[in-house]
Amino acid sequence: MHALIEQLSDIDLSGRKVYLWGLNLTARIACHLLISIGIVPESILDKSSDLWGKKVFSIPVQSPATLEGHDHQNSVGLIASLSHTAIRKSLLNYGFPSENIHALKEPGKAEASPSKIDLTKPRTINNTLVGRYTYNATPLCGAGSPIRSIGSFCSINHKAGVGINHAYTYITTSAIFYTDGTIPLMNSPFLNVLNSGDPADLHDERGKRLNGPSTIGNDVWLGMNVTVLPNVNISNGAAIGANAVVTKDIPPYAIACGVPAKVLRYRFAPKQIEIIEKTQWWDWPEERIIEEKELLTTPELFFKKYS
């Protein structure tokens, strides 16, 4: 969401008519954000006739054909759809200036390509500290994410994500009663009714925190569709297989798969894991890593030198 806020803040919307094309989650979040800053879109555009006449946040859904016959030189078109190229062409045909057409980024998408991010330094994404040379961390660092830190040299599939526990001991499990309103679809009179508005404050019947912090160590590999839940620590060197749901701590250099994720085996013997942990190679300067590259690809040489 933060990326969407930044993108909208860079667009000159003052005194202009705003049209939003699309009805996906990105469109709804954008609509909510615009309304929250006092900019009410003229309409939401969609080609599906079944949706025309309906409303989203009191904004009417209309056919793109309603744009015909109007002067749009001072209008802004916001595209919240995967068909960016085709929709852009349509808006140009309706008279929107090219510089007033903007394709909105989807929240939760992977980071920009590594060439656009300085991976050589640690960085902070939505209050989550991310180590150097870790890529695709953004989907794990959204607003409300339980993950507080991710180590260096982690390989994260862009479809990996996080989960948030709901209060299953309440009569209702609906998060609409205990969110702070940052999720537009939960903009209702029930916000904060059942607690402070922070999912991290939820506790089970034993008083255990449902959405406590999670951490991911160094050199961790998260496969496709891995989900990391609150209150877990994934240790250094762990490899989590595709579609796994991590509900408990994962030891160093363990290979874990399944729902819930279970340790299948370890990448190295216990003594060898101790040696790697002691060297903390992920903190070495780049020059040393390059010097010792042969050791990083030949475990027997690595263990011989550092045992």
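Where in the chain is the place of Tyr-253?

Modeller: Happy to! Tyr-253 sits in the loop between β17 and β18. Helices (H or I, at least four residues) and strands (E, at least two) are DSSP runs, numbered from the N terminus. Before going on, please keep in mind that this is a predicted model, in which local features need pLDDT of at least 70 and side-chain atom pairs count only at pLDDT 80 or more, while totals for chains, interfaces and linings use all residues. Residues are numbered from 1 along each chain as its sequence is written, and side-chain values use heavy atoms, with hydrogens and water left out.

Tyr-253 has a backbone feature to look at: its phi is positive, about 60°, although the residue is not a glycine. Tyr-253 is also buried, at a relative accessible area of 1%. Here buried means under 20% relative accessible area, exposed over 50%, and partly exposed in between (1.4 Å probe, protein chains only).

Two strands pair if DSSP finds at least two bridges between them. Strand β14 (residues 227–228) and β17 run parallel and are joined by two bridges. Within this pair, Val-246 of β17 lies opposite Val-228.

Asn-225 is placed between β13 (221–222) and β14. Phi of Asn-225 is near 65°, again a positive value in a residue other than glycine. Buried or exposed, or something in between? Asn-225 is partly exposed, with a relative accessible area of 33%, whereas Tyr-253 is buried.

The loop between β18 (254–257) and β19 (262–266) holds Pro-260. The peptide bond joining Val-259 and Pro-260 is cis, with omega at about -5°.

Further along are two helices that pack together. In general, such a pair is described by the angle between the helix axes and the distance between those axes. Helix α4 (residues 270–279) meets helix α7 (residues 299–306) at an angle of about 70°, and their axes are 10 Å apart. That makes α4 roughly perpendicular to α7. On the α4 side the contact involves Gln-272, Ile-275, Ile-276 and Thr-279, and on the α7 side Phe-302, Phe-303 and Tyr-306. By class, this contact has five nonpolar, two polar and no charged residues. As for the terms, axes are lines fitted to C-alpha atoms, for helices over the stretch in contact, and angles run from 0 to 180 degrees between N-to-C directions. Angles under 35 degrees count as roughly parallel, over 145 as roughly antiparallel, 65 to 115 as roughly perpendicular and the rest as oblique. Contact means heavy atoms within 4.5 Å. Ala, Val, Leu, Ile, Met, Phe, Trp, Tyr, Cys and Pro count as nonpolar, Asp, Glu, Lys and Arg as charged, and the others, Gly among them, as polar.

For context, there is also an open sheet of five strands. Its order is β7-β8-β9-β12-β15, with mixed pairing. β7 pairs with strand β8 (residues 128–130) in the antiparallel sense over three bridges, and Arg-123 has Val-130 as its bridge partner in β8. β8 and strand β9 (residues 147–150) pair in the parallel sense over two bridges, with Leu-129 partnered by Ser-149 in β9. Three bridges link β9 with strand β12 (residues 214–216), also in the parallel sense, and Ile-150 stands opposite Ile-216 in β12.

The protein chain has seven helices and 19 strands. Of its 307 residues, 43% are buried, and Tyr-253 is buried too. Among contacts with a separation of 6 or more, 41% come from residues 24 or more positions apart.
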